[in-house]
Amino acid sequence: MKLTDNFSKSEFECKDGSEMPQNVLDNIKQLSKELQVLRDFTGKPIKINSGYRSPIYNKSVGGAKYSQHLLGKAADIRIEGLSPREVYGIISELIKDGRMRQGGLGKYNSFTHYDIRGTKARWNG
């Protein structure tokens, strides 16, 4: 199922094969629209490392108990040619400019976390 010009539902599926609940899919649709803004801005493909996580899978990977991934509101992403620090900075600016939705933004060694929780949260992993 195509969600935006550059994202499909399969990219956000849980790695354990769990069925994505409808309310989670609704959130994934919103998240993919935000990530499309980033894709259009950078002109580079975005790799989704992790999107939706079932409760069992989230626990198995050591995810936060109330992770936004459980709701389909988060994605851990990579953009080839850009460091996680650079991706973090670009998203920060797009949020500041009102082009992307406010939410959680985490910088890790090999990826950047972005979520659409609606309130500002920032951290280094």
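Among contacts in this chain (heavy atoms within 4.5 Å) between residues at least 6 apart in sequence, 57% join residues at least 24 apart. This is a predicted model, so local features need pLDDT of at least 70 and side-chain atom pairs count only at pLDDT 80 or more, while totals for chains, interfaces and linings use all residues. Residues are numbered from 1 along each chain as its sequence is written, and side-chain values use heavy atoms, with hydrogens and water left out.

**Overall fold**

- The chain holds three helices and five strands, taken as DSSP runs numbered from the N terminus (helices: H or I, at least four residues; strands: E, at least two).
- Following the sequence, these elements come in the pattern α-β-α-β-α-β-β-β.
- With a radius of gyration of 13 Å, close to the 14 Å that the globule rule gives for 125 residues, the chain is as compact as a globular protein of that length; the radius is taken over C-alpha atoms, and the rule is 2.2 Å times the number of residues to the power 0.38.
- The C-alpha trace spans about 35 × 30 × 25 Å along its principal axes.

**Surface and charge**

- Of the 125 residues, 45% count as buried (under 20% relative accessible area; exposed is over 50%, and partly exposed is in between, with a 1.4 Å probe and protein chains only).
- About 6800 Å² of the chain is accessible surface, and carbon and sulfur atoms account for 48% of that; the areas come from the Shrake-Rupley method with a 1.4 Å probe, and for residues only the protein chains shown count as cover.
- There are 21 positive and 14 negative side chains, and the centres of the two sets are 5 Å apart. Here Lys and Arg are positive and Asp and Glu negative, with His and the chain ends not counted; each charge is placed at NZ of Lys, CZ of Arg, CG of Asp or CD of Glu.

**Asp 76 and its surroundings**

- Asp 76 sits in strand S2, residues 74-78, and is buried at a relative accessible area of 5%.
- Its side chain makes polar contacts with the side chains of His 69, at 3.3 Å, and His 113, at 3.0 Å (a pair of N or O atoms within 3.5 Å; within protein, one must be able to donate a hydrogen and the other to accept it, and residues adjacent in sequence count only if both atoms are side-chain atoms).
- Leaving aside residues up to four places away in sequence, the residues that Asp 76 touches include Lys 47, Asn 49, Arg 53 and Phe 111.

**Glu 93**

- Glu 93 belongs to helix H3, residues 84-96, and is partly exposed, with a relative accessible area of 39%.
- Glu 93 and Gly 43 are 50 residues apart along the chain, and their C-alpha atoms are separated by 16 Å.
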